[in-house]
Amino acid sequence: KQWYQRRVRGREFSLKGHEDAVDQIAWHPSDPNMLSTVSTDKTLRIWDIRTPQKTVACITTKGEVINMTWKSDGSTIALGNKDDLVCFVDYKTHKIISDKQFDFEVNEIGWNNTDDHFYLTSGNGSVHITQYPSLEPLMQIPAHTAHCICLKFSPNKEHFATGGADALINIWDASELSYLLSYSRLEWPVRTLSFNHDGRLLAAGSEDLVIDIAFVETGEKVATVSCNAFPFCVAWH
């Protein structure tokens with residue numbers, strides 16, 4: 001299916017290969033030519049935009065993946081599926097190297113600033129922090145009064161932000177694991193977050209027909225962007 005278009009050197013092209021709807025896209029953290037996608041066809045595909053007519057790799061996933069993230073060195077891709085199973089895929093061998101079934105609702109996932117801890121947001125409102133790669137539990141941070149839905153680290157990973165079904169956006173110190181501030185201008189559960197390139201601004205989306213953009217340091221509103229439909233995902237250029 002045609003799912004993605006991009007203009008490179010004045011040429012627009014489409015990437016085709018998935019057999020069903022594409023749910024997630026994530027760029028390689030350091031190689032601007034490489035990206036990964038997951039679909040309801042239960043595959044992870046890795047692409048090189050210099051050769052868009054074919055996939056670099058197609059890996060069958062364990063169930064339908066709803067969350068995907070890259071390790072900061074680009075060596076590993078983490079996948080979380082609808083059944084709360086998290087798998088880790090080796091970027092070079094294109095093989096699943098480990099997985100773990102969790103006994104709680106797992107939402108968005110991600111590595112910390114040193115890649116030695118792995119974070120999982122959960123249905124009980126907490127952020128679960130585990131040792132990586134063992135995934136042994138280390139601690140829980142009570143982050144929201146309802147489902148903790150989304151998690152994003154700033155580009156320099158000094159901060160991370162969480163969004164929840166309580167419509168709150170919380171900012172945290174990533175080194176001290178301490179709460180810094182929260183704000184709420186959206187009326188519906190916060191489902192997507194994105195820091196800008198220098199980590200000073202944070203965009204947030206929900207089922208409200210706006211994207212909220214705030215200063216990370218204060219939570220003060222910078223702007224709102226009107227939408228014709230509620231955004232599933234927000235991202236900075």
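Arg191 counts as partly exposed, at 39% relative accessibility (buried means under 20% relative accessible area, exposed over 50%, and partly exposed in between, with a 1.4 Å probe and protein chains only). Its side chain meets that of Glu207 in a salt bridge, 3.5 Å from N to O; a salt bridge here is a side-chain nitrogen of Lys or Arg within 4 Å of a carboxyl oxygen of Asp or Glu. This is a predicted model, where local features need pLDDT of at least 70 and side-chain atom pairs count only at pLDDT 80 or more, while totals for chains, interfaces and linings use all residues. Residues are numbered from 1 along each chain as its sequence is written, and side-chain values use heavy atoms, with hydrogens and water left out.

**Salt bridges**

- The structure holds seven salt bridges, and three of them are described here, beginning with the pair of Arg191 and Glu207.
- Strands (E, at least two residues) and helices (H or I, at least four) are DSSP runs, numbered from the N terminus.
- Glu207 is partly exposed, with a relative accessible area of 28%.
- Lys62 pairs with Asp99 in another salt bridge, where the closest N and O atoms are 2.4 Å apart.
- This pair also links distant parts of the chain, with Lys62 in the loop between strand S6 (57–60) and strand S7 (65–70) and Asp99 in strand S10 (residues 96–101), 37 residues apart.
- Lys62 is partly exposed at 41% relative accessible area, and Asp99 is partly exposed at 35%.
- Asp73 and Lys71 form a salt bridge too, with their closest N and O atoms 3.2 Å apart.
- Asp73 is partly exposed, at 45% relative accessible area, whereas Lys71 counts as buried, at 11%.

**Cysteines**

- How many disulfides are there? The count comes to zero, a disulfide being a pair of cysteine sulfur atoms within 2.5 Å.
- Cys87 is in no disulfide, and the nearest cysteine sulfur, that of Cys58, is 15 Å away.
- Cys87 counts as buried, at 4% relative accessibility.
- The sulfur of Cys150 is 7.1 Å from the closest cysteine sulfur, in Cys148, so it is too far for a bond.
- Cys150 is buried, with a relative accessible area of 0%.

**Pocket and cavity**

- The largest pocket holds about 2,200 Å³ of space.
- Pockets and cavities are found on a 1 Å grid over the protein atoms alone: a cavity is a set of points where a 1.4 Å probe fits but cannot get out, a pocket is an open set with protein on both sides within 12 Å along at least five of seven lines, and lining residues have an atom within 4 Å of a point.
- Grid points are joined across faces, edges and corners, and a volume is the space filled by probe spheres set on the points.
- Of the 50 residues that line the largest pocket, Ile25, Ala26, Trp27, Lys152 and Ala235 are the closest to its centre.
- Which strand gives the most to the lining of the largest pocket? S3 does, with six residues.
- There is one cavity of 30 Å³ or more, and the largest cavity holds about 40 Å³ of space.
- Among the residues lining the largest cavity are Lys62 and Cys87.
- Strand S8 (76–81) and strand S9 (85–90) are the elements that give two or more residues to the lining of the largest cavity, and S8 gives the largest share, three residues.

**Backbone details**

- A cis peptide bond joins Tyr132 and Pro133, with omega about 15°.
- Pro133 is found in the loop between strand S13 (126–131) and strand S14 (137–142).
- Lys42 has a phi near 65°, a positive value in a residue other than glycine, and is found in the loop between strand S4 (34–39) and strand S5 (43–48).
- Lys157 has a positive phi as well, near 60°, and lies in the loop between S15 and strand S16 (159–164).
- Lys42 is partly exposed, at 41% relative accessible area, whereas Lys157 is buried, at 16%.
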